[in-house]
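Here is a short report for someone meeting this structure for the first time. Take a look at the sequence and the model, then read on.

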Amino acid sequence: MKTKTAVIYATMYGTTEKAAKYIAENLSTEVDLIPLDKKNINLANYDTVILGTSIHMGVVLGQMKRFYKHNLEELKTKTLGLFICGMEPNLDRQNHELNTAYPPELQQKAKAIAFAGGEFLFDKMNFFQKTIIKAVTKNDKNVSQIHYDVLDHFISQMNKP
Ligand SMILES: Cc1cc2nc3c(=O)[nH]c(=O)nc-3n(C[C@H](O)[C@H](O)[C@H](O)COP(=O)(O)O)c2cc1C
């Protein structure tokens with residue numbers, strides 16, 4: 001059977017979508033790029049599944065949590081890749097976010113796992129989000145810190161036979 005990959009992502013402002021697209025464009029298999037708001041994702045069509053979500057206030061987006069809880073048994077049968085987008089600067093806390101983003105049984109099975117960086121896009125945030133980020137970062141300018149080097153490594157791991 002020919003390998004087919006689903007890159008399934010949840011995003012609030014579009015950053016995880018950028019990372020998911022970058023991954024999808026560079027995989028060596030046939031790929032479907034699937035936003036989680038799409039209904040009826042048929043996992044049976046794929047032997048490889050990559051999940052990506054951003055982290056907000058320490059937790060993954062609810063859409064992604066619901067998706068992997070609902071599909072846990074089927075996901076465990078796939079070749080897996082897992083990534084998160086976030087702006088946490090501290091390495092230990094990035095690792096903590098990664099370790100808690102996805103269930104241990106998916107992490108154990110994953111061929112590649114990555115903290116892919118992120119962006120602060122103030123024009124897309126609501127008032128409360130802007131206030132929080134301004135207070136925490138002491139800055140109100142857009143910042144783009146997607147870690148393309150980390151994504152390249154993730155992609156090369158996923159492309160290994
Ligand atoms: C209100 C708010 C809370 C956030 N909390 C976290 C966090 O706890 N950890 C983190 O790594 N990044 C955090 N971020 C950064 C986001 O993960 C980052 O903006 C990411 O690129 C968003 O991706 P998305 O557009 O795909 O949702 C936060 C951003 C906002 C606006």
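## Ground rules

Helices (H or I, at least four residues) and strands (E, at least two) are DSSP runs, numbered from the N terminus. The model is predicted: local features need pLDDT of at least 70, side-chain atom pairs count only at pLDDT 80 or more, and totals for chains, interfaces and linings use all residues. Residues are numbered from 1 along each chain as its sequence is written, and side-chain values use heavy atoms, with hydrogens and water left out.

## The chain as a whole

The chain holds seven helices and eight strands. Its radius of gyration is 15 Å, close to the 15 Å that the globule rule gives for 161 residues, so the chain is as compact as a globular protein of that length. That radius is taken over C-alpha atoms, and the globule rule is 2.2 Å times the number of residues to the power 0.38. Along the principal axes, the C-alpha atoms fill a box of roughly 50 × 30 × 25 Å.

Of the 161 residues, 45% are buried. Buried means under 20% relative accessible area, exposed means over 50%, and partly exposed lies in between (1.4 Å probe, protein chains only). The chain exposes about 8,900 Å². Carbon and sulfur atoms supply 53% of that area. Accessible areas come from the Shrake-Rupley method with a 1.4 Å probe; for residues, only the protein chains shown count as cover. Contact means heavy atoms within 4.5 Å. Among contacts between residues at least 6 apart in sequence, 77% join residues at least 24 apart.

Helix H6 covers residues 127-137, and Val 136 is part of it. At the start of H6, a side-chain oxygen of Asn 126 comes to within 3.0 Å of the backbone nitrogen of Phe 128. After H6 comes Lys 138, with a positive phi near 55°.

Val 136 counts as exposed because its relative accessibility is 61%. With Met 57 and Ile 132, Val 136 makes a nonpolar surface patch of about 330 Å². Patches are made of residues with over 30% relative accessible area and no salt bridge; like charges are joined within 9 Å, nonpolar side chains (Val, Leu, Ile, Met, Phe, Trp, Tyr) within 5 Å.

## Ser 54 in strand E3

Ser 54 sits in strand E3, residues 48-56. Its relative accessibility is 8%, so Ser 54 counts as buried. The Ser 54 side chain makes a polar contact with the side chain of His 56, at 3.3 Å. A polar contact is a pair of N or O atoms within 3.5 Å; within protein, one must be able to donate a hydrogen and the other to accept it, and residues adjacent in sequence count only if both atoms are side-chain atoms.

What does Ser 54 contact, leaving aside neighbours within four places in sequence? The list is Ala 10, Met 12, Thr 16, Val 59, Val 60, Leu 61 and Cys 85.

## Salt bridges

Side chains of opposite charge can pair when their charged atoms come close. Here, a salt bridge is a side-chain nitrogen of Lys or Arg within 4 Å of a carboxyl oxygen of Asp or Glu. The whole structure has six salt bridges.

One of them joins Asp 32 and Lys 4 (3.4 Å, N to O). This pair links distant parts of the chain: Asp 32 is in strand E2 (residues 30-35), Lys 4 is in strand E1 (residues 4-10), and they are 28 residues apart. Asp 32 is partly exposed at 26% relative accessibility, and Lys 4 is partly exposed at 22%. Another bridge pairs Glu 73 with Lys 76, the closest N and O atoms being 3.2 Å apart. Glu 73 is exposed, at 54%, whereas Lys 76 is partly exposed, at 28%. Shared partners join Lys 4, Glu 30 and Asp 32 into one network of salt bridges.

## Lys 18 and its partner

Lys 18 lies in helix H1, residues 15-26. Lys 18 forms a salt bridge with Glu 119, the closest N and O atoms being 2.9 Å apart. This pair also links distant parts of the chain: Glu 119 is in strand E7 (residues 117-120), 101 residues from Lys 18. Lys 18 is partly exposed at 37%, whereas Glu 119 is buried at 11%.

Not counting residues up to four places away in sequence, Lys 18 touches Glu 119 and Ile 146. The C-alpha atoms of Lys 18 and Leu 98 are separated by 19 Å, and the two residues are 80 apart along the chain.
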